[in-house]
Amino acid sequence: MQHPRELKEPAAGIAISAIATALNLAWALFLITFGRRRRSPALVADGWHLITDVATSVGVLIGIWLATLTGWKVLDPAMAAVVAINILWAGWRLTRESVSSLMDEAVASDVSRNIRKIIAANADGALEAHDLRTRSAGRVTFIEFHLVVPGAMSVVDAHRICDRLEAALTDGIDGAEVLIHVEPEGEARHKGVVVL
Ligand code: ZN
Ligand code: ZN
């Protein structure tokens, strides 16, 4: 900024930037739509990252245009500084988001309530469900719990209840992956949450 230089070929610069910006915008909109449809937070995040690039580029285009219009040479390096700050900020934000999505989190309380309701409504024949654990990783919601059945119940019958619960949970919860641990009555350690 202390030694601003004359802009060479600002028209070509503006044209190339405008084309690149338009391509970025189209690609960003595609990523966001496709990512939402496929329930991929990574693709949607990529799309929004590109949108910030597009916003920056539009700012730069206005800067270059103003610089040529007014002959105020310091505008060009000033815009470069703004772009640099934006890159640092976007980098920090993306790092933070990636780290938090790597750490699996339990599902929101309303989803958890819904899961309990579905288990309670579809576990006819079982005695109790406990130790319900949930975690979200990307588009998948992992659901694990213990199911207590009468000790004399056959494996076929217990498995039928599990299949019914799995189907109901897959229907009711987006991206559900269900794992059920079956226990005979009497062995049940009563810890965690009782659903039934
Ligand atoms: Zn148990
Ligand atoms: Zn099975």
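**View 1. Zinc site spacing along the chain.** Follow the chain and the donors of the zinc ion (ligand 1) turn up with the spacing H-x15-H-x36-E. H130 in strand β1 and E183 in strand β3 link distant parts of the chain, 53 residues apart. Strands here are DSSP runs of E with at least two residues, helices are runs of H or I with at least four, and both are numbered from the N terminus. This is a predicted model, where local features need pLDDT of at least 70 and side-chain atom pairs count only at pLDDT 80 or more, while totals for chains, interfaces and linings use all residues. Residues are numbered from 1 along each chain as its sequence is written, chains are lettered from A and ligands numbered from 1 in the order in which they are written, and side-chain values use heavy atoms, with hydrogens and water left out.

**View 2. Around the zinc ion.** Coordinating the zinc ion (ligand 1) at 2.0 to 2.7 Å are H130 (NE2), H146 (ND1), E183 (OE) and E183 (OE). Donors are N, O and S atoms within 2.8 Å of the metal (3.2 Å for Na, K and Ca); water is not among the atoms, so sites may look incomplete. The four donor atoms subtend angles of 52 to 139°, so the arrangement comes out irregular.

View 3. E183 sits in strand β3 and counts as buried because its relative accessibility is 6%. Buried means under 20% relative accessible area, exposed over 50%, partly exposed in between (1.4 Å probe, protein chains only). The E183 side chain makes polar contacts with the side chains of H130, at 3.4 Å, and H146, at 3.0 Å. A polar contact is a pair of N or O atoms within 3.5 Å; within protein, one must be able to donate a hydrogen and the other to accept it, and residues adjacent in sequence count only if both atoms are side-chain atoms.

**View 4. D131 in strand β1.** D131 belongs to strand β1. Phi of D131 is near 55°, a positive value in a residue other than glycine. D131 counts as buried because its relative accessibility is 13%.

**View 5. L165 and its neighbours.** Skipping residues up to four places away in sequence, L165 touches I118, I119, N122, A123, F145, L147 and I180. Contact means heavy atoms within 4.5 Å.

Terms used:
Tetrahedral: all angles 85-135°; square planar, octahedral: opposite > 155°, others 65-115°.
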